[in-house]
Amino acid sequence: MFSSAVDLRASGKHYETTDPLSTLIASKRTSEDEERPDYPRKLNASRNILQTLPNDFILSLKCLVELDVSDNRLKTIDCGLSQLPELKVVDVRGNHLHSLPDDISNCPSLLELNLGENTFEAFPMQLLEMPRLKQLYLGSNKIANLPSDIKKMTGLEVLFLGGNRLQAIPHEISELHLLHSLALCHNVLTGLPLAVCEMHSLVSLQLHNNRLETLPPALLHMQNLREISLRNNPLVSRFVRDHVDDVPPLQELAARTIKKASVPYSADSLPSILINYLDSSQRCDNPECLGVYFHVFYRQVKFVDFCGKYRIPFLHYLCSPQCHYSVPGHSSAFSTASSSSQSSEDTGDESDARERRKMRRVLIAEP
């Protein structure tokens, strides 16, 4: 018979080394357990003053499934975690870690890793080789950039990056097709990549306490998004004013006319540089307009009414300062077409109820 006790709780004991833990483990293993070291399956040694996890101690925990050494004074973790075949959960938050052992990417069963409240200044590159990892918590560190290869972490379902120094998010994050919870709060983000709107599994998006001024319009059409947190962002307090207020150059005006009138062109009639220019046209965001633009465009902010209470600005790119349009349930309150701002107010009705149902909660003032 094996011992029915599989948990070892040694939290808040002020242990400075792992020796007392080894003694406890040895005292609780029965003679039967020596043939199959089944104890412990879960080890909670949080809130001590451990500075290291020696390799020999880690290797003595062959059947460990969950390891909690949060809120200690760990500066490093010795190699050895990869030798624990059943290890699924590791919690090392609240320590002084700035790097990970190289072999952590070889942990065969690891599904959840909490590295929050440490001193990481860069995203640990070993994590990119862990496609099976489902939950990653890296909050309250000093990370300023995310690698584009984060797309390799294809198994991620929860990614917490709040409380770092992120200024931008790589568009490759949209390739995490299983991700349903993304926390980017308490960073210094000024915008989001349009690719975020392609994350069709996303249910929760935390963006509060950043420097966001607008959001991509396609965010409205994310079918599964139910919670978005936006409080403490500039949003409507400051908009981009560094736009061009001159008339578009003659080349752009001529190219717009060609595209709008569908004038045929080919390599027989135009040099390749002009063909490439014509092919670079962008459609005006106004669905009622058939116009295009190239390098000169006009920014307009549409305010979208969510849940009948909150209005959130979405940025649109228009071909002309006169190119305004009305969307039921939306109100246009700001347009930066030249050095002077224009404003208007559209009346709402019930026709946007379908869009409101897509967004169950918009957390602006709620903590």
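These legends walk through a few close-up views of the structure.

The model is predicted, so local features need pLDDT of at least 70 and side-chain atom pairs pLDDT 80 or more, while totals for chains, interfaces and linings use all residues. Residues are numbered from 1 along each chain as its sequence is written, and side-chain values use heavy atoms, leaving out hydrogens and water.

**View A. The main nonpolar core.** Here's the largest nonpolar core, with 68 residues. A core is a set of buried Ala, Val, Leu, Ile, Met, Phe, Trp, Tyr and Cys residues joined through side-chain atoms within 4.5 Å; buried means under 20% relative accessible area (1.4 Å probe, protein chains only). Leu127, Leu136 and Met153 have the most contacts inside it. Helix H1 (19–28) and helix H3 (55–59) each supply at least two of its residues; helices are DSSP runs of H or I, at least four residues, numbered from the N terminus.

**View B. Around Met153.** Skipping neighbours within four places in sequence, Met153 touches Phe123, Leu127, Leu128, Pro131, Leu133, Leu136 and Leu176. Contact means heavy atoms within 4.5 Å.

**View C. A second core, with cysteines.** This separate core of six residues includes Cys284, Cys289, Cys319 and Cys323. Cys284 is buried, at 6% relative accessible area. The whole structure has zero disulfides, meaning pairs of cysteine sulfur atoms within 2.5 Å.

**View D. Val247 out on the surface.** Val247 sits in the loop between strand S10 (227–229) and helix H4 (250–260); strands are DSSP runs of E, at least two residues. Val247 is exposed at 66% relative accessible area, where exposed means over 50%.
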